[in-house]
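This report describes a structure through its domains, strands, ring contacts and sulfur bridge. The structure is shown first, and the description follows.

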Amino acid sequence: QLRYSVPEDREPGFSVGDLAKDLGVELRSLATRNLRLVSEGGQRHFQVDLAAGVLLLDSRLDREALCGQNPTCSLHLQLVMENPLQLHRVEVDVLDVNDNAPQFPKPEVVLEITEVANPGTRLPLEVAEDPDMGSNSISTYELSPSEHFALSVNMRGDGVKMPEIVLEKALDREKVAVHHLTLTALDGGNPVKSGTAKVTIHVLDANDNPPVCDPPISKVHLEENVPVGTLVTKLNVTDLDEGPNGDVEYSFKTSNNAPGKFTKLFSLDPRTGEIRTKAPLDYEESSAYEIAVRARDKGSPAMEGHCHLRVELIDINDNSPEIVLTSLSSPVQEDATPGTVIALIGVKDSDSGDNGQVHLQIAKELPFKLVSSFKEHFSLVTNGPLDREKASGYNITVKAVDSGSPQRATQKTFYLRIADVNDNAPNFSSPFDTAHVQENSLPGTSVFSVSASDPDEGSNAKLSYSILDNGMQDIPVSTYFRIDQDNGTIYTVRALDYEQDKVFQVPVEVKDAGSPALTSTAVVHVFILDENDNAPTIVYPSVPKGSAFHQTIPALAEPGYLVTKIVAVDADSGHNAWLSYQLQETAEALPFQVERRSGEIRVAQALRESEDPYRLVVEVRDNGTPSLSASVVIVISPEENSVQDFAKSLDLPKSSPKDTNLTLYLIISLVSISLV
């Protein structure tokens, strides 16, 4: 906290204090740290010269206008610097300058005194007013020389000097009916300033006893929240005269210090002298009131006495605390360290004493705490780790409670947003996925869509997908597949061949756009589905295209005789590779039949007695959709003396029961794989 002083009459631009030196901050850092001035009042009186690092006057100060009659006059400022955020309080005392001369409420004062007044009779005078304070205020009074009158100056309870004219020598109206005097008020400034008033004293006959107030100066304590119409006091005034000369009327006596101010708050019964409240009283507006009452009788000439009443108000806790959010750093990074300053909070209460003592508090479950910077100023700092993924922001309610009875409280809620930090890697819904695609699909066919999520936000949650070539396969997988980097859809780059590759492992990487970027990987197993794209191939008999296979059999071959066996293979798998054999229909019935599954051609019935050969067309068809086929032409010639071992002519090894079982096992395995 810095404290400076400045005389009230200095011109704008006057240097009040060296901020850079007093704060211990280098000049060149003032601008980068955004040093700025925050005035606690509504009007701006100062400015900061960042180049010179000094506090300057922005406007001419008038102490009397700023602080009135207060003995001290201070202006409170706040200096805010950033990086790091700091708050400094500056208190500037405005020093009084003797720029006002004393002044009487009226330039002429007319007094009346009876000629029978005894020496020592006092005639109160109007108090001169000087807006200046301290030694510059009124120091003394002087009265022009007089044979009958002298000046007496008394001190009032509040320190105000009250001039009175004292009769020193008996009067004789017949000699001098009017006395003309000059009253001078002098202040204690240098040079001394003064003000004068002409005093005219008329000497009258008759009523020779003035009203007397007992006590002449009194004090009353009153709570500030009393109802309107509450009796403050009843003046005790006596007049020894009788009849009209002893009948007293009361009236307020005002001055130009605050003309009519207390008359708006208090009423005076002119007959009884009762003073009551006629408007609500506020301790925060004024803690005390000085009331001057004139007691005047109805004699001729009338005489008057003066009563002075000081009403001191007792403060009641009738003002709630006020919370001022000076600065708020929102958003705050989720990785902010404990103790990071979030906000600067000021609090004030217009009440006094315990009623003005304020305590701040926030909810205990919040990861923040309040730290007292200095009187009535607090810092809100982090008190634990922040996690935007758990809470993206906090509604922070600050409650201010005073120490009065009963207590009064105020709360203020503000929202603090938590800024995201890239502290979460993308996460696939599954580290392993399975996809199927038909072989021979066109390039660009959609195969599968991978999906990943990232609990971060903004660019930290913007994901891009890519395929990794990690050497798991001989040929880079990117030559077969590509991926849409935005939505994770995997497409084929070229047509796939089941007979060449039956399954692919496609490693996919997802990366966010944070800094530094975080990644995750997943593997998609792409299974190629077989398509019936290969026709059966006849392995035996092997004949050139357009030619026929000639086979001889005995002319007396009986039904069941094995003529030959057709052997075919299919490069496809599953149902697409299941082969069936059949004879193409002809105009005339043939005495042969072909086994549908094995391809064996046997004699079905007795051969005719003819030497003409038989022409058979055997068709081999797979079980795919659509079905593909191949055919072979076999010419069978019966011969009388033909005895031929078919196994030798087929050049195939004779099958054993063990081989037959192996074939059965292979067929069962193929069927099982196809079903899966």
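## Aromatic pairs across strands

Phe592 and Tyr614 are both buried in this model, which is a predicted one. Phe592 belongs to strand S46 (residues 592-594) and Tyr614 to strand S48 (residues 614-622), so that their pairing ties together parts that are 22 residues apart in sequence. The ring centres of Phe592 and Tyr614 are 5.2 Å apart and the ring planes stand at 75°, and because planes over 60 degrees apart count as edge-to-face, the pair falls in that class.

Counted by the ring-centre rule, the structure holds nine aromatic pairs. Another of edge-to-face type is formed by Phe368 and Tyr394, whose ring centres lie 5.4 Å apart with the planes at 85°. Here Phe368 is placed in strand S28 (residues 368-374) and Tyr394 in strand S30 (residues 393-402), so the contact ties together parts that are 26 residues apart in sequence. Phe368 has a relative accessibility of 4% and counts as buried, because the cut-off for that class is under 20%; Tyr394, at 15% relative accessibility, counts as buried too.

## Domains and annotation

According to the UniProt record, an unreviewed entry, the annotation "domain: Cadherin" covers residues 5-104, 105-213, 214-323, 324-428, 429-538 and 545-655. The domain assignment of the chain gives domain 1 (2-95), domain 2 (108-204), domain 3 (212-314), domain 4 (322-419), domain 5 (427-529) and domain 6 (537-639).

Between domain 5 and domain 6, the C-alpha centres are separated by 49 Å. Within the annotated span of residues 324-428, the C-alpha atoms at the two ends lie 48 Å apart, and the secondary structure of that span is 0% helix and 52% strand.

## Strand pairing around S31

Strand S30, which carries Tyr394, runs antiparallel to S31, with nine bridges joining the two strands. S30 and S31 form a hairpin, and six residues lie between them.

S31 (residues 409-419) also pairs with strand S25 (residues 332-333), in this case in the parallel sense and over two bridges. For Gln333, the bridge partner in S31 is Ala419.

## The disulfide

How many disulfides does a search of the whole structure find? The search finds one disulfide, which joins Cys213 to Cys307 with an S to S distance of 2.1 Å. The torsion about this S-S bond, between Cys213 and Cys307, is about 125°, so the disulfide is right-handed.

The pair links distant parts of the chain, with Cys213 in strand S15 (residues 212-213) and Cys307 in strand S23 (residues 304-314), 94 residues apart. Cys213 and Cys307 are both buried. In the UniProt annotation, one of the listed Cadherin ranges is 105-213 and another is 214-323, while the domain assignment gives domain 3 as 212-314.

Key
Residues are numbered from 1 along each chain as its sequence is written. This is a predicted model: local features need pLDDT of at least 70, side-chain atom pairs count only at pLDDT 80 or more; totals for chains, interfaces and linings use all residues. Side-chain values use heavy atoms; hydrogens and water are left out. UniProt positions are given in the numbering used here, feature names are shortened, and annotations may be inferred rather than shown by experiment. Helices (H or I, at least four residues) and strands (E, at least two) are DSSP runs, numbered from the N terminus. Domain bounds come from an automatic or database domain assignment. Rings of Phe, Tyr and Trp (its six-membered ring) pair if their centres lie within 6.5 Å; planes under 30 degrees apart count as stacked, over 60 as edge-to-face and the rest as tilted. Buried means under 20% relative accessible area, exposed over 50%, partly exposed in between (1.4 Å probe, protein chains only). Two strands pair if DSSP finds at least two bridges between them. A disulfide is a pair of cysteine sulfur atoms within 2.5 Å.
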